[in-house]
There are 2 protein chains.
Amino acid sequence: MKLKVVSKILDANERIAQENRRIFNDAGVFVVNLMSSPGAGKTSLLERTIKELKHRVKVGVIEGDITGTKDAVRIKSLGVPVIQINTGGACHLDANMLNEVLKYIPLNKLDLLFIENVGNLVCPAEFNVGENMKVMILSLPEGDDKPLKYPLMFQESSVLIINKIDLKPFLDVDMERIKKSARSLNSSIKIFEVSCKTGSGMGEWADWLYSQCKPP
Amino acid sequence: MKLKVVSKILDANERIAQENRRIFNDAGVFVVNLMSSPGAGKTSLLERTIKELKHRVKVGVIEGDITGTKDAVRIKSLGVPVIQINTGGACHLDANMLNEVLKYIPLNKLDLLFIENVGNLVCPAEFNVGENMKVMILSLPEGDDKPLKYPLMFQESSVLIINKIDLKPFLDVDMERIKKSARSLNSSIKIFEVSCKTGSGMGEWADWLYSQCKPP
């Protein structure tokens, strides 16, 4: 009985995700769903990426958080349109939450929309929101065992960004093991190594993302 | 409708949590539910804590993971009884999952039972499993904004262990801000600063925990 209810919720989510996708396509906006554990660097990556791209493409952001507007305030200071969704306790964004706020974002004026999901390496991977691409961040201090322990996130994501590589000298973490196990779960996953603190690797990531979102 | 279903699930969970609690009380075992984001150091903290305490109290562990037995193998090598629960995708342990495995643990022979929850700073905080004490870990690299962004975990936990303090010189993280915001959410929260890598702070934490579980 419990499984049946969950299955119905997921079916309904998929239907609304497809509706969101049509809206994004009609507006000509490329949508990235950004996911990670708490504190892996989603907002810092967004700040760096927006600075790299904002003179090349028109960027907007939807911020998902359980509570508060701190990340949205950080992003807004960069001069791009931002909407905050507070889930009020829920551990992920779903398609319906997104659908309800799309009217507040000038989609027709955007080339690239980032959705920053709630910090959680598990549940957000289960819910499509209508995005073109799922991008996940793993921060190096989280450890090299994470792909095999949280496989769905690595299987669902097209891109793995390994962040905080500036801390590598101070950690017992095997970067090759992260990449090898991520690829064993998802052979086509694209991997970038970056430090949002030093800026290392950001140019390569931003250029690649620019090539994917194909602005007019 | 959806909320009503969730509410029934939580009611059922609470009933089974109380049943687990009675079983633990009857066996005279003190139970700690250990929670954190992925990679904050739950298993490393357990390893250090067991080494500190295993000559003073009889310790057992229930390992919760989505998939795999890696953490259970790590703990078993310390010579304490371990049971692995694989949630098969679920993002937290609930009271029923625990209830089903209690028969495989020699509770009557234990003084202290650790339950290592699934790595997730959100959902595990919503589900009592019958524990005597909820203990959470925040690792310093996750950042000083986490208490106000993930408040329920800090509100539900009796203890906050701040881990990876050896990385402090390399991070832009304000330790006092973490403590202040955690206490603003939960004025009675007990805070320890540790490094599972260097062992710093482990003695103080282990001694305090020993005083709480009151072995015969």
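This is a predicted model: local features need pLDDT of at least 70, side-chain atom pairs count only at pLDDT 80 or more; totals for chains, interfaces and linings use all residues.

Visitor: Which rotation, and what shift along its axis, superposes chain A on chain B?

Guide: Two copies of a chain are related by a rotation about an axis and a shift along it. Here chain A is brought onto chain B by a rotation of 180° with 0.0 Å of shift along the axis, at an RMSD of 0.0 Å. That is the relation of a two-fold axis. As for confidence, the model has an ipTM of 0.91 and a pTM of 0.93. Chain A has a mean pLDDT of 94, with 95% of its residues at 70 or more.

The interface itself draws 33 residues from chain A and 33 residues from chain B. On the side of chain A that touches chain B, at least two residues each come from helix 1 (2-27), helix 5 (146-149) and helix 6 (151-156) of chain A.

Within each chain, a helix pair may be examined next. Two packed helices are described by the angle between their axes and the distance between the axes. In chain A, helix 2 (residues 42-53) and helix 8 (residues 202-213) cross at roughly 65°, and their axes come within 10 Å. Since angles of 65 to 115 degrees count as roughly perpendicular, helix 2 of chain A is roughly perpendicular to helix 8 of chain A. The crossing of helix 2 of chain A past helix 8 of chain A is right-handed. From helix 2 of chain A, Arg48(A), Thr49(A), Glu52(A) and Leu53(A) meet Met202(A), Gly203(A), Ala206(A), Leu209(A) and Tyr210(A) of helix 8 of chain A. The residues of this contact in chain A are five nonpolar, two polar and two charged.

Chain B may be described in like terms. Its helix 2 (residues 42-53) packs against its helix 8 (residues 202-213) at about 65°, with the axes 10 Å apart. Helix 2 of chain B and helix 8 of chain B are therefore roughly perpendicular, and helix 2 of chain B passes helix 8 of chain B in a right-handed crossing. The contact involves Arg48(B), Thr49(B), Glu52(B) and Leu53(B) of helix 2 of chain B, together with Met202(B), Gly203(B), Ala206(B), Leu209(B) and Tyr210(B) of helix 8 of chain B. Five nonpolar, two polar and two charged residues make up this contact in chain B.

Key
Residues are numbered from 1 along each chain as its sequence is written. Chains are lettered from A and ligands numbered from 1 in the order in which they are written. Axes are lines fitted to C-alpha atoms, for helices over the stretch in contact, and angles run from 0 to 180 degrees between N-to-C directions. Helices (H or I, at least four residues) and strands (E, at least two) are DSSP runs, numbered from the N terminus. Angles under 35 degrees count as roughly parallel, over 145 as roughly antiparallel, 65 to 115 as roughly perpendicular and the rest as oblique. A crossing is left-handed if the near helix is turned anticlockwise from the far one by less than a right angle, and right-handed if clockwise. Two residues are in contact if their C-beta atoms, placed from the backbone, lie within 7 Å. Ala, Val, Leu, Ile, Met, Phe, Trp, Tyr, Cys and Pro count as nonpolar, Asp, Glu, Lys and Arg as charged, and the others, Gly among them, as polar. Copies are superposed by least squares on the C-alpha atoms of residues with pLDDT of at least 70 in both. pLDDT is the predictor's confidence in each residue, from 0 to 100.
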